[in-house]
Amino acid sequence: MNYNWNWGIFFQPNPMGTGTYLDMLLSGLVLTLKTAALAWVIALITGSIVGVMRTLPSKGANWFGFAYVEFFRNMPLLVQLFLWFFVLPEILPKAAGLWLKQLPNAPFWTAAIGVGFFMSARVAVQLQAGISSLPRGQRMAATALGLTTVQGYRYVLLPMAFRIILPPLTSEFLNTIKNTAVAITIGLLELTGQARSMQEFSFQVFEAFTAATILYLLVNAVVVTAMRFLERWVAIPGYITGK
Amino acid sequence: MIEISHVNKWYSPTFQVLTDCTTNVTKGEVVVVCGPSGSGKSTLIKCVNALEPFQSGDILVDGTKVNDPKTDLPKLRSRVGMVFQHFELFPHLKIIDNLCLAQEKVLGRGHDKAQAKGMQLLERVGLKEQAQKFPAQLSGGQQQRVAIARALAMDPIVMLFDEPTSALDPEMVSEVLDVMVDLAREGMTMMVVTHEMGFARKVANRVIFMDRGEIVEDAAKDDFFGKPRSDRAQKFLSKILSH
């Protein structure tokens with residue numbers, strides 16, 4: 001292989017005049033973090049609502065939860081992003097479609113919302129499993145004390161369900177961060193996108209993607225560690241793995 | 001206090017769990033419900049505070065119709081204490097917080113008042129020292145006593161017990177029964193599903209014997225133990241009293 005390694009490339013100015021190549025990658029990292037953060041907030045909130053709906057004693061709510069989850073988890077993420085980005089503006093009324101297309105930062109919003117909804121289906125399934133894993137008597141005890149359905153979820157079922165699903169939720173959080181890389185296909189210059197343009201400008205493909213890999217690993221290591229602390233912080237004395 | 005008239009319940013069109021159940025519990029009365037497993041006694045007691053729906057018949061609690069869609073069920077349930085076979089304490093809350101949750105969220109009591117009431121009841125069941133512990137750190141007998149205290153904290157007009165000692169190790173049964181005997185002697189209206197015939201002999205006013213979803217015998221305690229009228233009750237008694 002005839003390849004000129006050049007690890008100094010990171011400190012050379014990039015052709016866009018926005019600083020060095022390293023600055024380019026870091027700006028991509030920032031965008032990755034912003035996209036992932038917004039997507040995760042959307043995934044957690046909508047996923048929690050849908051997950052709860054799947055466990056409510058209401059046929060309508062169960063059906064909606066079922067349809068939502070199957071819709072968002074049975075289509076490739078890439079296809080979903082294309083639908084949001086390219087198809088949605090065309091099928092909307094003309095004015096609305098035009099407004100969407102001219103939205104500043106359209107790739108960012110599309111990616112965050114698209115990844116968010118995609119991941120929300122997975123969060124919903126996790127939460128449903130967490131709630132279902134609680135003894136049936138817990139819901140009964142809450143009801144028997146006079147708590148309303150909302151209060152029962154808020155004070156009794158959800159605090160336990162979320163504790164139980166924290167480890168798989170960590171995985172979903174990591175998946176959310178990694179899945180933002182798909183947004184390169186709708187022109188979002190997040191970390192993978194910036195690594196790719198660094199490769200195209202400098203021809204230093206190995207350096208660019210080595211750096212991107214390390215940055216992804218670092219971010220995810222921070223998330224894993226933080227979630228571990230969270231798990232320990234909310235652990236219940238004497239319960240399952242608690243001390 | 002509790003009037004049950006002609007209650008029928010089906011789980012499916014072919015499977016009837018309750019057949020024309022009619023009985024009542026007057027104020028200050030202690031009624032023990034017994035019978036072989038699968039006889040519908042737990043289902044019947046859960047119908048009293050509408051934890052289980054039923055298809056026909058009426059149940060009135062303190063004059064309020066339980067199966068009326070207009071009834072404010074959370075409010076009604078908050079006045080009916082219930083103790084479950086598997087305790088159903090909320091594992092993520094400290095013992096004292098288990099006692100305060102519904103007082104604050106359902107009755108709207110202030111935190112200090114709820115705490116004082118909780119501590120007073122914990123002292124009564126002999127568990128004041130455990131107030132700051134979590135349910136998983138207590139023995140089964142202690143947990144069930146907490147569950148009784150939690151129900152009493154709502155100042156119930158009637159207490160329902162659904163096999164309160166069935167999940168306990170034998171040496172812990174008496175500590176729970178002692179609390180229930182005290183309660184009965186203080187004049188609390190109680191409906192108790194149990195196999196503890198010693199408890200029934202000691203404090204029950206009436207004994208209801210159920211089999212295959214029917215109330216087979218509904219008699220004063222002495223009549224029931226002295227000369228049960230039905231064959232099924234005789235057989236049942238001879239089996240559980242022979243040891």
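The model is predicted: local features need pLDDT of at least 70, side-chain atom pairs count only at pLDDT 80 or more, and totals for chains, interfaces and linings use all residues. Residues are numbered from 1 along each chain as its sequence is written, chains are lettered from A and ligands numbered from 1 in the order in which they are written, and side-chain values use heavy atoms, with hydrogens and water left out.

**Chain A overall**

Chain A contains 10 helices and 0 strands, where helices (H or I, at least four residues) and strands (E, at least two) are DSSP runs numbered from the N terminus. Along the sequence the pattern reads α-α-α-α-α-α-α-α-α-α. Taken along the principal axes, the C-alpha atoms of chain A fill a box of roughly 70 × 55 × 30 Å. Of the 243 residues in chain A, 45% are buried (buried means under 20% relative accessible area, exposed over 50%, partly exposed in between, with a 1.4 Å probe and protein chains only). Among contacts (heavy atoms within 4.5 Å) in chain A between residues at least 6 apart in sequence, 73% join residues at least 24 apart.

**Helix packing**

Two packed helices are described by the angle between their axes and the distance between the axes. Axes are lines fitted to C-alpha atoms, for helices over the stretch in contact, and angles run from 0 to 180 degrees between N-to-C directions.

| Helix pair | Angle | Axes apart |
|---|---|---|
| H8(A) and H10(A) | about 155° | 10 Å |
| H5(A) and H8(A) | about 170° | 10 Å |

H8(A) and H10(A) are therefore roughly antiparallel (angles under 35 degrees count as roughly parallel, over 145 as roughly antiparallel, 65 to 115 as roughly perpendicular and the rest as oblique). Helix H8 spans residues 166-179 and helix H10 residues 205-234 of chain A. Residues of H8(A) in this contact include A:Phe173 and A:Ile177, and those of H10(A) include A:Val223 and A:Met227. The residues of the contact of H8(A) with H10(A) divide into 13 nonpolar, 2 polar and 2 charged; Ala, Val, Leu, Ile, Met, Phe, Trp, Tyr, Cys and Pro count as nonpolar, Asp, Glu, Lys and Arg as charged, and the others, Gly among them, as polar.

H5(A) and H8(A) are likewise roughly antiparallel to each other. Among the residues that meet are A:Met119 and A:Arg122 in H5(A), and A:Leu169 and A:Glu172 in H8(A). By class, the contact of H5(A) with H8(A) has 6 nonpolar, 4 polar and 2 charged residues.

**A:Ser120**

A:Ser120 lies in helix H5 (residues 106-132) of chain A and is buried, with a relative accessible area of 0%. Its side chain makes a polar contact with the side chain of A:Tyr68 at 2.7 Å. A polar contact is a pair of N or O atoms within 3.5 Å; within protein, one must be able to donate a hydrogen and the other to accept it, and residues adjacent in sequence count only if both atoms are side-chain atoms. A polar atom of the A:Ser120 side chain also lies 2.6 Å from the backbone oxygen of A:Phe117. Leaving aside neighbours within four places in sequence, A:Ser120 is in contact with A:Ile42, A:Ala43, A:Thr46, A:Gly47 and A:Tyr68.

**Positive phi in chain B**

B:Phe87, although not a glycine, has a positive phi of about 65°. B:Phe87 sits in the loop between strand E6 (80-83) and helix H3 (95-105) of chain B and is buried, at 12% relative accessible area. B:Arg212 has a positive phi near 50°. The loop that holds B:Arg212 runs between strand E9 (206-211) and strand E10 (214-220) of chain B, and B:Arg212 is exposed, with a relative accessible area of 61%.
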